[in-house]
Amino acid sequence: MINEVELLEELPYYRTLQKPPHHHSQQHHGPPLSSAPHYPTAPRGLRMDPSYDETAIAIIAPDIRVPQNNNPLSISTLEHCEQYSPLGCLDILMSIMCYAGDLGSDLVVCYVLFAEKRILWAALTATFVLLSSVVVNVLSIHWYIRNQRNSASVYTSVSKLTWVVRSLFHILFMGLLYRYLYLLFKCLCRDHLEDREHRSVMEARKRKNAILQMTIKDDKQTATLCLLHSFLESAPQLILQLYTLAQRTDRDSQIIVFIQGACAASSLFQLAWSITSYNSTLHRTMMGKKKPNSVGKVLQFLWHFCTIGSRACTLALFTKEYHFWLFPFCIGHWGIMTIWVMHQQTRFCRKNGDLHQCKEYMCNMVVGVAYVIYYLNVKAEPTRYKYSAYYAIVFAENCALMTLWFLRNDPGVWYHIPALVAVFSSFASGIVFMLFYYGFCHRTLKQTNEKRAAHCC
């Protein structure tokens with residue numbers, strides 16, 4: 001039976017960057033057991049003794065070495081390799097198609113409205129597109145610069161040519177598309193994680209971990225920028241197009257009506273997908289968390305699609321009859337939601353452990369604006385009661401707004417009853433999809449069941 005020393009002679013071994021202590025490097029006068037060096041090892045799957053000093057290893061075999069918890073070379077940090085693989089490109093491709101379809105449909109509608117001499121509607125459409133593009137691209141390039149300054153690893157530095165390409169994309173207001181393409185390149189080309197310079201094992205793993213950490217950061221920032229773009233451009237665009245569609249008559253061209261309907265659908269699709277992608281990215285980039293599956297993503301998307309669509313239709317129909325009375329309602333809802341977010345004591349704007357209170361209030365106010373359409377969980381804590389309270393408030397508001405619209409709207413229009421049925425049935429369907437998601441696909445429930453099973457055993 002082959003012993004451990006003979007087995008290790010057959011394995012490739014590499015020298016680490018750290019030198020062994022002096023007492024291990026002293027010459028041994030006894031007869032050597034083998035030409036191969038001695039390997040301090042531990043049984044696979046077991047924790048090493050805390051007193052074990054890994055720096056004492058001069059030569060290690062990568063398949064025998066057991067990583068420590070706080071070691072930057074821990075194998076647990078490399079589990080994200082599977083997430084940034086060719087199979088993980090589907091989310092990125094879906095995000096690119098949604099982003100391109102939404103932006104392209106908005107530009108087409110803007111041109112059609114200008115050609116139709118509806119200058120106010122066309123100007124509002126162009127304003128939403130331009131404002132969101134400027135904010136997202138400025139914030140994107142700012143994060144790139146900050147990441148480069150704060151990066152302490154030479155493996156994550158980029159060339160001057162890359163900076164030129166980045167700047168060109170952002171000048172053309174396509175910074176978000178560049179981020180998607182760059183993530184897609186990293187998923188398809190796994191060679192950027194491989195070490196071809198025959199470094200030591202420790203240096204190779206440091207290089208791989210540094211690149212993976214930067215990829216994870218880029219993934220989070222891209223998802224955040226996509227969500228911000230959706231709330232700045234897709235959400236108001238959805239309400240605007242639904243409002244203009246409600247103003248149409250039978251004398252208007254059916255082609256223009258179809259184009260506007262497609263624009264509203266693409267905005268709703270982009271908004272629901274950006275929220276789903278954002279939540280999936282947070283779960284995917286958290287160590288030790290259950291990664292989202294396809295069924296969970298579909299249920300999340302349908303949940304957001306139905307609830308946001310119901311809310312947007314309610315606001316658009318109310319605006320058609322009461323016009324500027326929408327602003328007092330939205331301001332009141334925004335104020336209540338902002339106070340709610342502040343009450344949760346968020347910690348968005350921290351630097352070196354210190355909280356910038358003024359910036360924190362500004363972030364809370366921005367989140368409060370998003371709460372007009374959708375609820376964002378801003379703290380890592382159970383959301384059962386939060387969602388219950390939020391959707392109870394939204395349902396009461398929808399009932400009040402739709403009742404006011406129904407009483408004032410002309411009963412002769414074709415959508416007088418169908419719109420009322422669509423709003424409430426869509427909201428109910430979204431709640432059902434949410435219950436299915438939290439009942440069968442949410443990671444917390446599965447982890448809790450696993451812990452119970454382990455405890456009973």
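1. Let's begin with S267, which has its place in helix α8 (residues 254-284). This is a predicted model, and in it S267 is buried, with a relative accessible area of 0%. Setting aside residues up to four places away in sequence, S267 touches D102, D106, S234, Q237 and L238.

2. The cysteines come next. Searching the whole structure turns up 0 disulfides. Take C263 as a case: the closest cysteine sulfur belongs to C110 and lies 9.9 Å from the sulfur of C263, too far for a bond, because a disulfide needs the two sulfur atoms within 2.5 Å. C263 counts as buried at 0% relative accessibility, whereas C399 counts as partly exposed at 23%.

3. Now to H333, found in helix α10 (residues 326-343). H333 has 3% relative accessibility, so this residue counts as buried. Beyond its neighbours within four places in sequence, H333 is in contact with R311, Y371, V372, Y390, I393 and E397.

4. F301 counts as buried at 13% relative accessibility, while F305 is partly exposed, with a relative accessible area of 28%.

5. Another pair is W340 with Y371, whose ring centres are 6.2 Å apart; their planes stand at 75°, so the pair is edge-to-face. W340 lies in helix α10 and Y371 in the loop between α11 (357-370) and α12 (384-408), so this pair ties together parts that are 31 residues apart in sequence. Y371 is buried, with a relative accessible area of 0%, and is also among the contacts of H333.

6. Both W340 and Y371 belong to one aromatic cluster, which also takes in W303, Y375, Y387, Y390, Y391, F395, F424, F427, Y437 and Y438. Y390 is a link back to point 3, being another contact of H333.

7. Finally, where do the charged ends of R166 and R408 sit? That of R166 sits over the ring of W163, 5.0 Å from the ring centre. That of R408 sits over the ring of Y322, at 4.7 Å from its centre.

How values were computed
Residues numbered from 1 in each chain as written. Predicted model: local features only at pLDDT ≥ 70, side-chain atom pairs only at ≥ 80, totals over all residues. Heavy atoms only, no water. Helix = DSSP H or I, 4+ residues; strand = E, 2+ residues; numbered from the N terminus. Buried < 20%, exposed > 50% of the residue type's maximum accessible area, 1.4 Å probe, protein only. Contact = heavy atoms within 4.5 Å. Phe/Tyr/Trp six-rings, centres within 6.5 Å; stacked < 30°, edge-to-face > 60°. Lys NZ or Arg CZ within 6 Å of the ring centre and 35° of its normal.
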